[in-house]
Amino acid sequence: MNIILFSLIVENGAFIAIFIICLIGAYASFKQYKNLPGADLIFLGFLLYGVYSLLAFTGSGFTGSFFDDFSKVGKLNSLNYIYFVSFALRLGLVLVIVGFFRVARGLKA
Amino acid sequence: MIPSSYVYNGVNIILGVVCLIAIIFSFKAIPDKRVRLLVIVGSVLIILSGALLSFGLNVFKMYTLAWTATTFRMEGKEDALETVLLFKDLSLLGYVFEVVAIGLFAGIAKRLYSLRAGTAPEGEEMEGEAAQ
């Protein structure tokens, strides 16, 4: 029983931490997006990743496990499309990495 | 209709490939040493977390099967349920890696902005701040 509670705290705590970090990263990028090409991509990527973590800890109920719920999802239908959408939002990280390379292009060695 | 494991594995594989490409290209494209190191560490952590999560979920999907095997004491499969639950606990490590990697990526973004602000002409910066 205890280990189940512990795993729920770790999982939901991780998603909350990711959400807060993504908000910080997105805000820092939003301040720069007019000056730097690439910062807008990083902003968008952090925003998508933040929405993924937000859906992951609210979608299954705050005390539920996203991992556990996702394992019970068989195929896409109207009841569980939110799991498909939220996990696909993880691809926002691709935008973040592409944005890094665009911003780093202007750096001097 | 799309099976859920296709989406889960597909997303993790795409992220893994992109992170691998990022590691290879970071040697050429990122001149700052500390940023390059952070990009490599963050990408490795994302690859690890994707692998752990994907593998953990694919094992955990056999929960019902393992439960049946344990409950009806199938020969040689008595601890199947324990094994399946172990992979669920292992996948928690994937989430921890993910938090660390995202933290590193946010740090990289902030460091890149401060590096660029140092090299950018001062006039532009003033204009940007005035606009806000």
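## Where chain B meets chain A

In this predicted model, 47 residues of chain B are in contact with 45 residues of chain A, contact meaning that the C-beta atoms of two residues, placed from the backbone, lie within 7 Å. The elements of chain B that give two or more residues to this side are listed here; helices are DSSP runs of H or I with at least four residues, numbered from the N terminus.

| Element of chain B | Residues |
|---|---|
| α1 | 4–29 |
| α2 | 33–60 |
| α4 | 80–119 |
| α5 | 122–131 |

The largest share, 20 residues, comes from α4(B).

Now to α1(B). Its 26 residues should span 38 Å at 1.5 Å a residue, and its end C-alpha atoms are 36 Å apart, which agrees; the expected span is 1.5 Å times one less than the number of residues. The helix α1(B) bends by about 25 degrees at B:Ile23, the bend being the angle between axes fitted to the seven residues ending there and the seven starting there.

Chain B has a mean pLDDT of 84, with 89% of its residues at 70 or more; pLDDT is the predictor's confidence in each residue, from 0 to 100. Over residues 120–132 of chain B the pLDDT is below 50, and this stretch has seven contacts in the model beyond near neighbours in sequence.

Residues are numbered from 1 along each chain as its sequence is written, and chains are lettered from A and ligands numbered from 1 in the order in which they are written. Local features need pLDDT of at least 70, side-chain atom pairs count only at pLDDT 80 or more, and totals for chains, interfaces and linings use all residues.
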